[in-house]
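Trainee: I have a new model open and would like to learn how to read it. Could you walk me through a few features?

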Amino acid sequence: MKTRTLLATSALVAAAVWLIFTWPLALHFGEGIPSGARNVEKHHLRSMIPGDHLQQLYYFHLAARTFAGRVPPFEDPWQFNAGTPEPFWLYHYYLPFSTVYAALEPLTGRAAARNLTGLLALWLGYLFTWLLVRRFVRREPFALYAALLGVIMPFRWHAALGGSPMEFALPWIPLFLLGLDIAVRNARPTGGLLAGIAVIFARCADAHAFLYMVLLAPWWCLASFSIRPGPLSQRLRSLPAVTFALLPAIAAVAAAGLYSLAVARKISLLAHHAGSRSYREIALYSPRPIGLFAWRSLRGLSNQIYLGFLVPAIICAGALRLHRRTRERLAPDVSARHDLTLLLIFALAVTAVVALALGPRGPFHGRIFSTARHFLPGLKLIRQPGKVFCLTPFFLAPALAIALAALIPPLPPFPPRPLRSSLLALLVAAVLLEYRCQVSPTICLLDSRQDAYAAVAAEARATGSRPHALAIPLWPGDSAWSSLYQYYSSLYDIRMVNGYCPIITRHYYRDVFLRFVSANSGVLPPPLLDDLLRRGVTAVILHENAFPEKVSPFAVSYTLDSLLHNPRLRLLHHAGPVWAFTILPRPSTTTTSTTTPCPLICPSRRWEAEKGHLHASPAILAPGNPSSPAAFVRLDQPSQSVTLRSTWSPPAPDLRWLIRARGRGSLLADTLQPTSLLARTEISLDSAAWQWYPAPCNISDFSRIALRLGARGRIDLDCVLLAAGDWNGLAMQPGKEIFIPAACLFHAGETRPTDRAVLLRPRRDPAAITLYGPKLPLAPGTYTLRLLFDTPASRGTVLGRFNVRRFDSDETGWTTVIAGRPAVSSYTHKTNLPFFIVFVYNRGAPMTLRGLSIQPRPPSS
């Protein structure tokens, strides 16, 4: 086949595969980028989904600005910048694909440039796989079809659609193997040069792929040498020529290896977390064997190693066919013996890769992986062993081509050529369909503007300073939520204290994250604000819809109220779910906010006593009574105690521990700080029923606190809450009503300041839980709960559903929320455990959640 025909055919095939596997991305080519391969979004798309895809886009944009001379080389001024930028780790800029993106971005915009760059990577991956497969089969159609495995296997699409840099390393693996094969079998230096280029670019894309390529190289060269034509003596005489041909590849591996060692040394000296991964951590990130053949969606990373049924079946059938041809008595087929040997080599390679990919979950209780981890350098640093599956497509593709050629011979007595071509196309179409069924793309629509960030940039430039902000929540650099900050800050050239990177320095963690983590609870006293100003930070930005429970002991409404009523902060702009504040050099003499604080503070910290640290072995009991907790701890000796896991907490009003206990005697509640006993409260108990007992927790500033519980007498402990503010749910009277504004609960969407309602928009908010709470104790009884809402949707439109729960696993008693009808539910609370409602939005129409009404019903009703 001529080169021009080869390039054109491979480009058309790659474009068709891209359309099939990314649909409906083509409909949003200029406004969206892929964000996942296992879709959970309605219509496969939603605006500004946080994740690695936004991080990858950020680094591409950073490279484009660097190549344009707008940013100094090897610097990243927009993230992890608390006065001075942190060390930059991405020296390679994902070359060469970042240069393609940089050329396209000014012409097409970010989304289209990213999508075209991904399409280019797909085309190169298919082209190089095709060229590799042609080395092992003599009939072009089989190479053309089998090469599809290089670009259609689910592993590739989990990487490409999920924002993994592995997407841009995969094209270089077949080129590397092709180059090595040319250098070894043909003794041509061109092969070594191709392999050298491939290994350099693979290292620029993904360190995992580079490591696996280097570890594979000796074995691949040995296999290529073993199938080199000619007798053994002739092959041995060719060793000097083969070695010379491999010199460019060896030099490239050495250069990339030295670069990797230098980066690793720098990481070990500066990074907060460095060194080998623990076996337990690796087990958490290892796929399960069922993922090799499971069609259903699995938790974790198991789906990415899907191997399927058709390809192994075709290869096995081809091996049996070749075996029969080698056993024919009259005229054994010599070429069949050669092909069978190749097939067995590739099958053995796939088996080894699968065993390594399963990690501790692999054969023989993971002993193959643990042995490889012990002897092979670099594997101890790998957290996700499943990434070694990147090699599998390039073993399976030539194996599939050999098997297809064996099953569909070119000569009679097999059916005529048109039928053979149809059968081949049908088999390949079936394989493509099987793999396509394992991929369900999600599209992240990109915002072209964010007015709160724009206001921060405009105000800073109006005063002649550089825009510089602290975004809340503040993470230690390891959360995908921070990718939102990366994207918006890059729109307006805002330097951020925050960042998102798998590697952060010890300096950043200690001097920045631990110092300013109180901002997540809205605690920014004058010394911290003065420190931010000295670092050049002039603004604070709150993302209220990116606020999981992990970041604060209370719902985002508490943080927002604290910021709004901080005299050193002035509300600059509120746009959607983003609030921007200016840091003032001195307290304002006027009230900065007229918004009334939430009447309720929803807690996010709950501890089960049996999961605490137990001293002197108190008994853990499980009564099995539906009206009792699943398990509780019994303290009946003075030496016994339970210490709960510590948490950060702000000095919230009426801060207290709420302890659910029963028994007779005295309960000793000690509030602990890391190095001291802060306070002790002694509570008298004389009740056989479970009751809630408060223990004050008086702290003057943001602190890390824990609770230790002991007893005199016999006390049963169930669970503990860290609560604040007023709540009378344990003493409600019939006819009375508690109304909780929606924004005071845990929520997605955006707050309407005038009435604390929550606005949900189909384009931005997920078809998932978007409102829940209050997670506070409620007296036993029957209650009428009303979810108050407004919507412009026509009457009868289904907007979602809600139910009432005691535990996250409660999935019964759903009430459908329909436009034009009241959303009312009758709920019987049999215990005084904490309760919460859960509203699941379906993105059917915009809606405004005004709040939750709770009204007890008379006992006779």
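**Reading charged pairs and a surface patch**

Mentor: Gladly! Let's start with Glu31, which counts as partly exposed at 31% relative accessibility. Keep in mind that this is a predicted model.

Trainee: Why is Glu31 called partly exposed?

Mentor: Because its relative accessibility is 31%, and the class runs between the buried limit of 20% and the exposed limit of 50%.

Trainee: Which side chain does Glu31 meet in a salt bridge?

Mentor: The general idea is that side chains of opposite charge can pair when their charged atoms come close. Here the partner of Glu31 is Arg763, with 4.0 Å from N to O. The two sit in distant parts of the chain, 732 residues apart. Glu31 is in the loop between helix 1 and strand 1 (32–36), while Arg763 is in the loop between strand 21 (757–760) and strand 22 (769–777). Arg763 is partly exposed too, at 43% relative accessible area.

Trainee: How many salt bridges does the structure hold?

Mentor: There are 31 salt bridges in the structure. One of them joins Arg383 and Glu281, whose closest N and O atoms are 4.0 Å apart. Arg383 belongs to the loop between helix 16 (363–375) and helix 17 (393–407), and Glu281 to helix 13 (residues 279–284), so this pair ties together parts 102 residues apart in sequence. Arg383 is partly exposed at 28%, and so is Glu281, at 22%.

Trainee: What are the closest N and O atoms' distance and the partner for Glu459?

Mentor: Glu459 pairs with Arg570, and their closest N and O atoms are 2.8 Å apart. Because Glu459 lies in helix 19 (residues 451–462) and Arg570 in strand 7 (residues 569–575), the bridge ties together parts that are 111 residues apart in sequence. Relative accessible area is 24% for Glu459 and 33% for Arg570, so each is partly exposed.

Trainee: Which residues are linked in a network of salt bridges?

Mentor: Look for Asp511, Arg515, Asp531, Arg534 and Arg535, which salt bridges link into a network.

Trainee: Is Leu19 buried or partly exposed?

Mentor: Leu19 is partly exposed, because its relative accessible area is 40%.

Methods. Residues numbered from 1 in each chain as written. Predicted model: local features only at pLDDT ≥ 70, side-chain atom pairs only at ≥ 80, totals over all residues. Heavy atoms only, no water. Buried < 20%, exposed > 50% of the residue type's maximum accessible area, 1.4 Å probe, protein only. Helix = DSSP H or I, 4+ residues; strand = E, 2+ residues; numbered from the N terminus.
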